[in-house]
Amino acid sequence: MSILYFFLYLLLVTIVGLLYMGVARKVTAHVQNRYGPPIYQPILDVLKLFGKKDAASHGVMHTLGPVIAYTGIGATLLFLPLGNHTPLLHFNGDLFVVLYLLVVGPLGMALGAGESANSNATIGIARALSMMLGYEIIFFMATLPVFYANHTASIYKVILAQGTFPKWAAIMYPISFIAGLFAVQGLLGEKPFELVIAPHEIASGPMVEYGGKFLGFLQIWHAVGIIVETGLFVDIFFGPQNILWFFVGTFFVFLASVLVNAVMPRFRIEQAVRFYWGIPLLFAILGILQVYLWR
Amino acid sequence: MNAGHLFYGSSVFLMVMGVFIALTGKHLIKILLGIDLFDVGLNLLIISFGYVNGGTAPIFSRYPHVFKNVVDPVPQALVLTAIVIGVAEIAMGLAIVMRIKEKFGTCNISKLKELKW
Amino acid sequence: MVSPILVIALSLFFAFVIPLLGMLSKKLPRWVPPISILVNLLILLSNMDKISGGAMLITTAGIKPPIAINLAIDRFGFLFALLIQTVGFLLSIYYLAQDTKDERFYMLFLLNILGASGIVMTGDLFNSFVFLEILEISSFGLVAVQKDKKSLEGAFKYMMIGAIGSSLYLLGIIVLYLSTGSLNMADIARLMPNIPDSIKLFAGLLFLIGIGVEVELFPLNAWAPDAYEGAQDSISTQLSSIISKAGIYLAARIFFTIFNGFYALEVVLYLGIITFIIAELAALMQKNVKRMLAYSSIGQMGLLLFVFALISKRADIFIFTTIILLALNHAFGKGLLFLSLGALTGGTREYYIDSLKGSGKSNVLAGLLFTMGAFTILGMPFFFGFWSKISALISIMKAGYVYLIGLVLLVSLFEIYYYGRVIVNIFSGEGKAQKTGFIYASIMVIFALFIIAFGVWPHPVFSFAHKAAVALFERTTYITSIMGGM
Amino acid sequence: MIRKIVAFIFAFYFGFILYSFIYTHFPFGERPLKGVAAHYVEKGVQEEGATNIVTSIVTLYRGFDTLGEVTVLFLAATGLGLLLAGWKEEEKEKPEPTLIMETTTKYLFPLVLLFGSYIFIHGHLTPGGGFPAGVVIATGYFMMFIAQKEFKPSEYLLSATESFAGTLYVITGLLGLALAFSFLANVAPLGVPNTVFSAGIIPIIYIIIGFKVGSEMTGILQHMKEV
Amino acid sequence: MTMFYILLVFILTGLLTLFLGPIKVLRNIVALLGYLAGSALFIYNIKPGLIYSLNIRVYNIHFESGFSTVFFGIIILAVFLIFLLASFHEENDGAYYLFAFLTLTGAIGVLFAKDLISFFFLFETMSLFSFLMVLKGKNKNSPKSAFKYLVWSVFGGYAFLFGTFLKVYTTHSVMIGDISFIGGHIKLLILLLILTPFMVKAALMPFHLWAPDAYSDSKDAFTVFFSGGLSKIGIFGYFIALFKIFTEIASKYPWFLTVIAWLGGITATLAGIYAFMQDDAKKLLAYSSISQLGYVAVGFGIYTHYSVVAAFFHALGHAVYESLLFLVVAGVYYRVKTTDLRKMGGLIKKMPLSFIGLLFGIIATSGIPPTIGFPSKWLLYEAVIMKGDLLLTSLVFFASITAFLYSYKLVHSIFLGKLHKEHRDVKEAPLGYATGIILLLIPLFVLGVAPGIAVKHIDYIIRFYLKPELGYNLTTMTTPLGHVNFPVVGIVMVSMFVLSLIIYFIFGSTYKADQTDNYTATEAISDDFELHYAGEFYGFMRKAFGRPLKWSFEKLLNAFLKLFAFIGEIARGFYMGDARVYLFYLVLFFSLLAYLMGGKL
């Protein structure tokens, strides 16, 4: 029974994620004064990709890469509470489990892309990993005060502790929240941190050698990724009390990110990393100081 | 001014001159002579230590008549040894100097600067 | 009953015989030193059991001390005599394998060993001066024997300082004679309390300079690097393993047994540590490996003297055990270093660190032996040096200078630095192939075996050194065993 | 100049210290004989039979020193020989000795040798002994070196004398060890003091020393001359 | 007595291999047999609580075994087995095994030592022979690196010795025992001095300067033991110093622990950054090793039951995956004769087992579940947050991000990307390496899923010193902050993987494409075309870090050394005069002393 439940869960999140992507394209198009594709377009794309007869593979790892990527993000999803809704699997100390599982996806993709022997792919990966030095640390530092203040390492407990509006972490720890917002932009890989894909520069980076069902995998990986990443942020800073609220929260966070994306140019990689070590880091540290002062 | 000043003074003076020459001399043989002078001064000093007021040489030529008042024989015996040792030292030194003169072509001490590094 | 005086008498006899033998055949003289020293060793060993607490008294001219000269061998002196003869024996074997030389060289060598053994065996102060002179004069000759610029210069410098130093030593003896009326060490030691302090001070100062030259004490040791560098390798071995050891013996005898630690020892305490520091600092940047070893040798002697002088702060037998261990370690370790350095250079007398590059690879044995020598000097475990170093530190601690241990260790770190640099250098790059003769190699291996055997199982050495230290420590026993119950 | 001044200051400071020390502590001639010196003066003649106390000290009481002393001289001679061996002789203008010198030295030489022998034979009776005697003998040779152009004693002979005398000295000492259980013990009969055949082994040792020192000094002089 | 015999067995094995030198097979067999004999003795006979002493005249050697002895002993012996397996294929000679076994003797002996002098003896033995091992090394730089290693380890050893003497002086006991009762601040000095060699061995900054060079320039097989085994002595030393010697450090000098923790954090971070800037596989791994050891220091610095368990477990994990990584690199070097990351690539097809080894090695290094790297990192984060040092937590987190960077660089540059032309005939690493890889993969997973096996033992070691707070059983851990069930994480991942595979197999088919069959923006490429992106990997990060990357302790140290060299030159000037000057010293000395004695004359 629970396995079936899990399938539905995964399917739901995947579809919602794909729809978010559709929204993103639509919004960006409107911002740029274009019409844009329909919102469901990414779903069609994925179906088409999976429907392709065959796909080129450069080797075992190249084949397994997208599979591992989806494995990682799927496993993460299981530990992520969608609002007040108890996650499928949970135990109290899951923050670090989530954080580490979150890495499995990029790692799988990186391994797969690496084997393709295409320099564009590897450069993309190198950028992706380097970017982590920027946004991951900021994200982590931004969320730490929340966990610290609630004396737990469980995301679920943090949600429970926040309850309703005035107790939102976003309001209690605004400095950390701002730092977290910066981090989310990088976490989602949107402009100005769109260095990994950088279509004009490195031909969509890690994805360059992927086609057919591999690309399909990567698409749904990305889709779930959007939900998981924004969801983590929303869980921690807004404490969504139900699943609807969760999706509303993730949607708005994502929308904000997309809007920024639409108007921003792209950083160079070292600029991006250094950017994170500037103001966001300051905010993150101030956030930590704030929680020290309040306790 | 008693005899003590004379004997001690002159032998110490010899020693001082020996040191002074060894310190300031440029020529190797001069330095060796300085050292020798030092030795000589020392030997004289040792001999003068052995003097006993009014004493005679410790040779009892009219044995069995024994003089009670003789000078100390021990420093004399020691000096005998010391002189010979001094001679040996100087002889060895001279041999070295001769070789130095041959190898370096000079006896100037400030030219002996092979051993530095 | 084989009288230990034969050690000296027979050596002299053999030395005098060498020219006669040289007239018969050019090959004969080189066999004299090994035979002579072997006989000496046998004589010494046959007397091993007879020497117990106190000193063994051997009169000359059939008259009891203090009237006549006597030999006084206690366990301390016996140990040093054994050390000197052993190293001497090994070196004499080494010379056996060298090219034909003037037979007078063997005479000089034999007399050098004789002088050192005489110093450690005699019980008479003036007699020790005579032997000291024998030792010194033969050393000048041996240093200069190469007859090239460096050796001559080294010999001359050594001679100048040595001559003045020993003259002052003589003056010291005379001062003591004038105040006690005796030249016998035990007798003087007995009468020492009667001498006014000011005379003691002055005599101590004179002895300090005289012995300081021999034991390479700080301001008086400037000749040492030059002489070590100028001399050929085996002679450098001799300088560090034999001559300086005789100096140590003399220092212990005079400053402890005679002066009973009065004044001069305190000066030695400071000068010892200063010597250690300055010499190690000087070695730090030295490019000429042989000169570096010389500095290291001076440094080790400084440490040894420092430890020795601690006795003035705290009377403890352990301190004497330590100096014996240090002396043994230094004798074998430094000897091995000089010899293996000679093997590494292949007799070219090119000692610069760059010219040694890769020599340890082409001559693996010599390289390894050099490394072993360095390790024992550095006090690495499984080498004898470990125990001597630990003992030295324990002695320093016992005397209450616990913070000085830090300083000593810091300075030892310099040692690691410069020895490590050489070791690394000889094992990197490619050197030209050279070979070491069988005898040469086996001599070095015997040195190394001593170091390792003592290092792995130090128990016998400890007990031997301890007994010797007791003999040195109990000066009243020494005095009564020479002078009779007084 | 500065060097000289500094050296002067320090050398004189050294002298000043030394002088003031000895002058305060060992006033000249006011020291009574004590310790071993007193013993030598009182008992020396009975014990060893030599009227010259210094001699008996040198050869017997402190005979071991003398053996060492002889060794030092021997060492110097051999060392010198070793260092100067293989010297490349340079041709130098040497002044021709005059006829007077040549002739007188020829006659004087045996006399000098005789005088030297006299000194070492009477060493235990009168001032002198083996060392001065040896030097006197060497002086004789020195005279010959200067005055006679062709004079050249056999190196072999010198060396053999030297070695032989040395070995004899040691053997004498060993005799003492064998007969009286003490090295250099006076084993020969003491005889009547103040006669030539007295004082046991002292004359023997002095004769040996005389030969030895004579040959060694001559050897040294000869080596030096050849350079 | 057994303890002594174990050491004796190792020493004798070393000597035997030296004398059986000429025949390689015989040597290998003897080494293996000797090792097996020694470790069998260890495993069957060493129980906590054994005591043995041996008298050598002045000194008494005291041995004692405790829980920590068994724990570290087994780690070291296990890693040594891996080293032996790999070294069968290395170029070795008699002295090679002699040095290796004596190093082992020292390392195992240190675990037994009960008094500080024996400890020092065995510790120096270990340092000395590992130095010789590095000196024998594999390339031109080895002697230089060995020199660096020697100087550093002796520096540590001497500091330890100084500390020992201070302790003996103040407490009159040479045993490893408590010093917290000593008055004054000298006990802190003692602690610091005693801790120094372990900080050096565990390459804690700023004592790490020797490590990258020594690790990368020693023989590949030995590096496995060097990094995996010997660094554990450093950890053991932390334990000895902080728990056995200064038991009340937490209450008396809490700031000292904080400093250690922060040093650990800085080490982890900076070493991680240096690691991903390296272009040499072994250098990269060396820095990674240093970085991982930094976490251990953090664990000790936090000084709670959780953190110390985490530190111990991390040390264990470090032994497993760092050995694995070095072993794989050794195998690769054996085949392709280079460790330069820019000269390899695409070896996955040729050396699949090695790839799997390296892959799981880096996964464990990065701390991704369900491998051995995860439990310790999880616990460490919880511990640091509980301590309340959020900045340190962030620093440690930053360090673990760098782990992803260098891990990927390593695996990509060696195994992924384009295969070089000259490597087309490369075969899988030989049997010894393969065995080693498989042997190491077992604990890598087993302990990752069931950490309780080890945690139980660790708890025994430290529960005597710290209040046991961590709740654990075979597969779970519980702290006040949270709870984790390791097999569940593993099962989730495996089942998710299976699901993804099913999706993969449902749709479409794949065909194999050649490596040159690539998107290159219409440029035609041939076999010779350099497609592999390995040079200047993360090169842009140099710009990101900018100037601070150029700062280094080494430069500071060199400046310091120059000062000493200058003093040395001055000291040497003393010995450069002519004979008259030397005589002048003599006269001066006389005058000075006479002047000082002054009126007394």
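Leaving aside neighbours within four places in sequence, which residues is C:Glu350 in contact with? The first view gives the reply. This is a predicted model, in which local features need pLDDT of at least 70, side-chain atom pairs count only at pLDDT 80 or more, and totals for chains, interfaces and linings use all residues. Residues are numbered from 1 along each chain as its sequence is written, and chains are lettered from A and ligands numbered from 1 in the order in which they are written.

**View 1. C:Glu350 in its loop.** C:Glu350 is in contact with C:Thr345 and C:Ser355, neighbours within four places in sequence being left aside. Contact means that the C-beta atoms of two residues, placed from the backbone, lie within 7 Å. The loop runs between α13 (317–345) and α14 (359–362) of chain C. Helices are DSSP runs of H or I with at least four residues, strands are runs of E with at least two, and both are numbered from the N terminus. C:Glu350 is partly exposed because 15 other C-beta atoms lie within 10 Å. A residue is buried with 20 or more such atoms within 10 Å of its own C-beta, exposed with 12 or fewer, and partly exposed in between; C-beta atoms are placed from the backbone. C:Gly379 is 29 residues along the chain from C:Glu350, and their C-alpha atoms are 28 Å apart.

**View 2. The contact between chains A and E.** Chain A gives 66 residues and chain E gives 62 residues. On the chain A side, α5(A) supplies the largest share, 17 residues. That side divides into 38 nonpolar, 18 polar and 10 charged residues. Here Ala, Val, Leu, Ile, Met, Phe, Trp, Tyr, Cys and Pro count as nonpolar, Asp, Glu, Lys and Arg as charged, and the others, Gly among them, as polar.

View 3. Pairing requires at least two DSSP bridges between the strands. A:Asp54 has E:Ser509 as its bridge partner in β6(E).

**View 4. Chain B.** Chain B has three helices and zero strands. Of its 117 residues, 54% are buried.

**View 5. E:Leu583 and its surroundings.** Residues up to four places away in sequence are not counted here. E:Leu583 touches B:Ala22 and B:Leu23 of chain B, and C:Met160, C:Ile161 and C:Ile164 of chain C.
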